[in-house]
Amino acid sequence: MFIYIIRRLLQTIPVMIGVTLAVFLMMHLIPGDPAQIMAGEQANPEQVEVMREKLGLNDPYHVQYFRYVANAVQGDLGTSIRTNRSVTSEIFDSRFWITVELALWGTLLAVIFGLIAGIISATKKYSFADTSIMVIALFGLSMPNFWLGIMLIYFFSVHLGVLPVAGWGNDWKQMVLPVITLATGGAAIIARMTRSSMLEVINQDYIRTAYAKGVSDKFVIYKHALRNALIPVVTVVGLQFGGLLGGAVITETVFAVNGLGRHIVASISARDFPMVQGAILVCAVVFVAVNFLVDITYRLINKRIDLN
């Protein structure tokens, strides 16, 4: 296990190099001059040139890239053009943790409802319950987040008046609608994946042998079948969390949640290159870390999995 962990950590190095390179090049292809933005609209060409020299934008791209990577390794992601504050401070003051909390609650809700729905659907194959759950899951996959969020606001906030329209953190009621909006698509995917994986496992010989020995249905389903069916589900959950962390922009915008995703959109509009680079890099690091933990979880679920 230790050798496997070291090997996986080493494999993340080229991934992170590729991510930093892609983000760096992408930011430099976006129209707009950060030196002009920082110097101000009324700045003359000489002042803009001084600012470009100060920011190191006159250096060759490869020099700028290696300088950025060297600083990032030391925790220095640059200075925000909009606020003139450290990008690291801007990200980790509160916004990042708000998005992490939103993604965690969304993932947890998706896992709970997705697993329950998938297990019921698999154990009652081709029944009314199975068909109903799969139809609901199809709707969950098809509904855009922004539309679902607006409908939830209209029904629960405007029509019934039982939940707040927007906000996050001051009251648990503020968390309900954003979490449901974010979790719906993930729950649908997990339900379909759980059903498919459970059906494959239930048809295995050892499951039929357990039934033949008189083992109770619940014990067979939850002890044997579910444990072995969780491997692809864990993969989906890991991808879901990483996707929610970087893709909660729409939900944060609809519910006015002051998270990292919403801040990234504002930074892109303002051509705040250092902020965008730093935020995307942080999201990428978390995504890689989550997938690393997923690989380790495989072995914890099933010790027969070969990690070599």
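## R195 in helix α9

R195 is found in helix α9, where helices are DSSP runs of H or I with at least four residues, strands are runs of E with at least two, and both are numbered from the N terminus. This is a predicted model, in which local features need pLDDT of at least 70 and side-chain atom pairs count only at pLDDT 80 or more, while totals for chains, interfaces and linings use all residues. Residues are numbered from 1 along each chain as its sequence is written, and side-chain values use heavy atoms, with hydrogens and water left out.

R195 counts as buried because its relative accessibility is 17%; buried means under 20% relative accessible area, exposed means over 50%, and partly exposed lies in between, with a 1.4 Å probe and protein chains only. When neighbours within four places in sequence are left aside, R195 is in contact with G118, S121, A122, K125, Y126, D130 and M134. Contact here means heavy atoms within 4.5 Å.

## Overall architecture

The chain holds 14 helices and zero strands. Of its 308 residues, 41% count as buried. Along its principal axes, the C-alpha trace spans about 85 × 55 × 30 Å.

Contacts between residues at least 6 apart in sequence were also sorted by separation: 72% of them join residues at least 24 apart.

## Packing of α6 against α9

Helix α6 (residues 95-123) and helix α9 (residues 173-202) pack at an angle of about 35 degrees, with their axes 5 Å apart. Axes are lines fitted to C-alpha atoms, for helices over the stretch in contact, and angles run from 0 to 180 degrees between N-to-C directions.

The crossing in which α6 passes α9 is right-handed; a crossing has this hand if the near helix is turned clockwise from the far one by less than a right angle, and is left-handed if the turn is anticlockwise. By class, the contact of α6 with α9 has 23 nonpolar, six polar and two charged residues. Ala, Val, Leu, Ile, Met, Phe, Trp, Tyr, Cys and Pro count as nonpolar, Asp, Glu, Lys and Arg as charged, and the others, Gly among them, as polar.

## Packing of α6 against α7

The axes of α6 and helix α7 (residues 128-142) come within 8 Å and cross at roughly 140 degrees. That angle makes α6 oblique to α7; angles under 35 degrees count as roughly parallel, over 145 as roughly antiparallel, 65 to 115 as roughly perpendicular, and the rest as oblique. The crossing of α6 past α7 is left-handed.

On the α6 side, A117, I120 and S121 meet A129, D130, I133 and M134 of α7. This contact has five nonpolar, one polar and one charged residues.

## Packing of α6 against α13

The axes of α6 and α13 come within 7 Å and cross at roughly 130 degrees. Helix α6 is therefore oblique to α13. R95, F96 and T99 in α6 meet L260, G261 and H263 in α13. The residues of this contact divide into two nonpolar, three polar and one charged.

## Loop residues with positive phi

Most residues other than glycine have a negative phi. Y126, although not a glycine, has a positive phi of about 65 degrees. Y126 is found in the loop between α6 and α7, and is exposed because its relative accessible area is 67%.

A256 is found in the loop between α12 (249-254) and α13 (260-269). At 36% relative accessibility, A256 counts as partly exposed.

## Further residues and aromatic pairs

Q277 is found in helix α14 (residues 273-301) and is buried, with a relative accessible area of 7%. Q277 and Y68 are 209 residues apart in sequence and 9.8 Å apart in space, C-alpha to C-alpha. M151 lies in helix α8 (residues 145-159) and, at 35% relative accessibility, counts as partly exposed. M151 and L138 are 13 residues apart in sequence and 18 Å apart in space, C-alpha to C-alpha.

The structure holds six aromatic pairs. Rings of Phe, Tyr and Trp (its six-membered ring) pair if their centres lie within 6.5 Å; planes under 30 degrees apart count as stacked, over 60 as edge-to-face and the rest as tilted. Ring pairs link F24, Y65 and F66 into a cluster.
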